[in-house]
Amino acid sequence: MEKDDEGIRLTPAQKKARRSRNVAIGIGLALLVVIFYVATIAKFGPAILSRPL
(Lines give C-alpha, C1' and ligand atoms only; values in the text may rest on other atoms or scores of the structure.)
Protein backbone atom coordinates (compact mmCIF):
# COMPACT_ATOMS: atom_id res chain seq x y z
CA MET A 1 0.00 0.00 0.00
CA GLU A 2 1.65 3.20 -1.18
CA LYS A 3 0.66 6.78 -0.44
CA ASP A 4 1.19 9.55 -2.95
CA ASP A 5 0.60 12.49 -0.60
CA GLU A 6 3.56 14.17 1.09
CA GLY A 7 1.81 15.23 4.27
CA ILE A 8 0.98 18.71 5.45
CA ARG A 9 2.77 21.65 3.87
CA LEU A 10 2.97 24.86 5.85
CA THR A 11 2.66 28.25 4.25
CA PRO A 12 5.47 30.77 4.85
CA ALA A 13 3.19 32.64 7.28
CA GLN A 14 2.60 29.43 9.26
CA LYS A 15 6.33 28.69 9.33
CA LYS A 16 7.02 32.20 10.63
CA ALA A 17 4.31 31.83 13.27
CA ARG A 18 5.75 28.47 14.36
CA ARG A 19 9.24 29.94 14.64
CA SER A 20 7.97 32.92 16.62
CA ARG A 21 6.11 30.59 18.95
CA ASN A 22 9.20 28.42 19.45
CA VAL A 23 11.34 31.49 20.23
CA ALA A 24 8.73 32.70 22.74
CA ILE A 25 8.68 29.29 24.45
CA GLY A 26 12.49 29.26 24.59
CA ILE A 27 12.65 32.74 26.10
CA GLY A 28 9.96 31.83 28.62
CA LEU A 29 11.82 28.69 29.64
CA ALA A 30 15.12 30.59 30.01
CA LEU A 31 13.36 33.23 32.11
CA LEU A 32 11.89 30.53 34.35
CA VAL A 33 15.37 29.05 34.90
CA VAL A 34 16.73 32.49 35.85
CA ILE A 35 13.82 33.05 38.26
CA PHE A 36 14.46 29.69 39.95
CA TYR A 37 18.19 30.48 40.20
CA VAL A 38 17.55 33.88 41.76
CA ALA A 39 14.96 32.42 44.14
CA THR A 40 17.44 29.75 45.25
CA ILE A 41 20.16 32.32 45.92
CA ALA A 42 17.64 34.51 47.78
CA LYS A 43 16.48 31.58 49.91
CA PHE A 44 19.91 30.21 50.86
CA GLY A 45 21.73 33.53 50.81
CA PRO A 46 25.00 34.42 49.12
CA ALA A 47 26.91 31.98 51.37
CA ILE A 48 25.82 29.15 49.08
CA LEU A 49 28.38 30.39 46.54
CA SER A 50 31.34 30.23 48.98
CA ARG A 51 30.93 26.73 50.37
CA PRO A 52 33.71 24.11 50.34
CA LEU A 53 33.46 21.55 47.57
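A surface patch is built from residues with over 30% relative accessible area and no salt bridge, nonpolar side chains being joined within 5 Å. In this predicted model, such a nonpolar patch is formed by Leu29, Leu31, Leu32, Val33, Ile35 and Phe36. The protein contains one helix and zero strands, and buried residues account for 2% of its 53 residues.

**Nonpolar patch**
- Leu29 lies in helix α1.
- Leu29 has a relative accessible area of 55%, and it is therefore classed as exposed, because that class begins over 50%.
- An α-helix has 3.6 residues a turn, so residues three or four places apart point the same way.

**Helix α1**
- Helix α1 covers residues 12–44 and comprises 33 residues.
- From its first C-alpha to its last, α1 reaches 48 Å, close to the 48 Å expected at 1.5 Å a residue.
- Gly45 follows α1 and has a positive phi, near 85 degrees.

**Salt bridge**
- The structure holds one salt bridge.
- This contact joins the side chains of Glu6 and Arg9, with an N to O distance of 2.3 Å.
- Glu6 and Arg9 are both exposed.

**Overall surface**
- The accessible surface of the protein amounts to about 5,500 Å².
- Carbon and sulfur atoms contribute 66% of that accessible surface.

Methods. Residues numbered from 1 in each chain as written. Predicted model: local features only at pLDDT ≥ 70, side-chain atom pairs only at ≥ 80, totals over all residues. Heavy atoms only, no water. Patch = residues over 30% accessible without salt bridge, like charges linked within 9 Å, V, L, I, M, F, W, Y side chains within 5 Å. Areas by Shrake-Rupley, 256 points an atom, 1.4 Å probe, with all protein chains shown as cover. Salt bridge = Lys/Arg side-chain N within 4 Å of Asp/Glu carboxyl O. Helix = DSSP H or I, 4+ residues; strand = E, 2+ residues; numbered from the N terminus. Buried < 20%, exposed > 50% of the residue type's maximum accessible area, 1.4 Å probe, protein only. Expected span 1.5 Å × (residues − 1).
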